[in-house]
Amino acid sequence: MAYTDAPSDAIFNEIKEAAIEIWMTYDNTYGYVDEKVNYIDKIKNVKDNWGTIVGMFDYSNQQKLLSKLSPEAKAKVKEWL
């Protein structure tokens, strides 16, 4: 499966939930976290949309994301990285 292919819904939702969990740890004084979380909430599991979620993070946060994922979801994300 290529990185441009959509993962299973379970893996997509796992990536999505872990990303939201990371965003929720940041300061939301100016609504930046709300903006990011609302955007992620609207993303559907189509093609490489999961890569959009991963791409919203810098390298350090991508590593945090990887640490929260199951081996299957981690393998999918590593296709993109």
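Visitor: Which residues in α1 meet which residues in α5?

Guide: Contact means heavy atoms within 4.5 Å. Here Ile 11, Glu 14 and Ile 15 in α1 meet Glu 72, Ala 73, Lys 76 and Val 77 in α5. Those contact residues split into four nonpolar, no polar and three charged; Ala, Val, Leu, Ile, Met, Phe, Trp, Tyr, Cys and Pro count as nonpolar, Asp, Glu, Lys and Arg as charged, and the others, Gly among them, as polar.

Guide: Keep in mind that this is a predicted model, where local features need pLDDT of at least 70 and side-chain atom pairs count only at pLDDT 80 or more, while totals for chains, interfaces and linings use all residues. Residues are numbered from 1 along each chain as its sequence is written, and side-chain values use heavy atoms, with hydrogens and water left out.

Visitor: What confidence does the model have?

Guide: pLDDT is the predictor's confidence in each residue, from 0 to 100. The protein's mean is 94, with 96% of its residues at 70 or more. Confidence is highest in α1, at 98, and lowest in α5, at a mean of 91.

Visitor: At what angle do α1 and α5 cross?

Guide: Axes are lines fitted to C-alpha atoms, for helices over the stretch in contact, and angles run from 0 to 180 degrees between N-to-C directions. Helices are DSSP runs (H or I, at least four residues), numbered from the N terminus. The axes of α1 and α5 (residues 71–80) cross at roughly 80 degrees and come within 10 Å. That makes the pair roughly perpendicular; the cut-offs are under 35 degrees for roughly parallel, over 145 for roughly antiparallel, 65 to 115 for roughly perpendicular, and oblique for the rest.

Visitor: And how do α1 and α2 pack?

Guide: α1 (residues 9–23) and α2 (residues 32–42) pack at about 175 degrees, with axes 10 Å apart, so they are roughly antiparallel. Their contact residues divide into seven nonpolar, no polar and three charged, including Trp 23 in α1 and Val 33 in α2.

Visitor: Is Val 33 buried or exposed?

Guide: Buried means under 20% relative accessible area, exposed over 50%, partly exposed in between (1.4 Å probe, protein chains only). Val 33 has 3% relative accessibility, so it counts as buried. Beyond residues up to four places away in sequence, Val 33 touches Trp 23, Met 24, Tyr 26, Asp 27 and Asn 28.

How values were computed:
Helix = DSSP H or I, 4+ residues; strand = E, 2+ residues; numbered from the N terminus.
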